[in-house]
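Please read the points below beside the sequence and the model.

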Amino acid sequence: MNIVINPDYSKLSLFIEQLPSDFSKGGDMIYEARNQIKKFRVQDIDVVVKRYKVPICINRIIYAFFRPSKAKRAYEYAMFLLSKGIRTPEPIAYIEVKKGLLFYQGYFISKMENYPRMMRDFYNSIGSGEYILDKFAEFTLKVHESEILHLDYSPGNVLYEQVGDDVHFSLVDLNRMRFGKLTKKECLRNFDRISPSDEVTSYIVTEYSRLRGWDIASSVETALYYKRKFWEKVAKKAALKNKMRKDS
């Protein structure tokens, strides 16, 4: 078993070391699907633990010898984002459990993020959220100029909090990221899943393009093209699932 602990949280070492055996016994379940996420209260700190699903055999080999596990990536990417001034829940530790020579299961432990809202607030419409969407465009520009591309830049993975005139954002679910200089196409495509609404996407990309000094009309057109392609794919996948459910 491989355990890496953030030195700032060394006092939680015993809790972390016991997680593989104690995860199922305690904590409050926040999310349960492919992966499981639980909240624990440890030494007056609210801690979130994500236990990843046991991967298929080929991925167990890949994570053992060729590629960092999702847990390791989540930890290291969080450290990197924080070093760039991009808010994300503070990483506490990660655990890699092996069976024999092969990777078996990963755990990512972070401090609970207390931002109360998600960008899902603007899933279908702008509502009265123009100011927050302006700030979101500004935040996204900072992320992109830091040469960070969140490959699952979806409304559930962007948390926010408004305090007076300040709007603070925090990114979660960091397993799928890419780092390096971004093309204009990559930047605009990154808005493809933030909302299925043309209105919302157009508004955000208009402000984002204005801040970058890009042609607004062509930028919005490009972003909407990728947005529509993504949501058409989502709709087709959902329709296929419904059909299979009816036929079974």
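The numbered points that follow concern a predicted model and treat its sheet, the helices on the sheet, and its nonpolar cores.

1. The strands of an open, six-stranded sheet follow the order β1-β5-β6-β4-β3-β2, and their pairing is antiparallel. At the edges stand β1 (2–5) and β2 (28–32); each has a single partner strand, so one side of each lacks a neighbour in the sheet. On average, neighbouring strands are turned by 20° against each other, direction ignored.

2. Within this region, β3 (residues 36–42) and β4 (residues 45–51) run antiparallel and are joined by seven bridges. F40 has V47 of β4 as its bridge partner.

3. Helix α4 (residues 70–83) lies across β1, β5 and β6 and runs at about 160° to β5.

4. The largest nonpolar core contains 36 residues, and M119, F136, F139, V158, F169, L171 and I204 have the most contacts inside it. Among the elements giving two or more residues to this core are α4, β9 (158–163), β10 (166–171) and α8 (216–247). Its largest share, seven residues, is supplied by α5.

5. F139 deserves a separate look. When neighbours within four places in sequence are left aside, F139 is in contact with I86, Y153, F169 and L171.

6. Another core, of 17 residues, lies apart from the largest one; its members include Y9, F15, V42 and I92.

Terms used. Residues numbered from 1 in each chain as written. Predicted model: local features only at pLDDT ≥ 70, side-chain atom pairs only at ≥ 80, totals over all residues. Heavy atoms only, no water. Pairing = 2+ DSSP bridges. Helix = DSSP H or I, 4+ residues; strand = E, 2+ residues; numbered from the N terminus. Axes fitted to C-alpha atoms, helices over the stretch in contact; angles between N-to-C directions. Contact = heavy atoms within 4.5 Å. Core = buried A, V, L, I, M, F, W, Y, C linked by side-chain atoms within 4.5 Å. Buried < 20%, exposed > 50% of the residue type's maximum accessible area, 1.4 Å probe, protein only.
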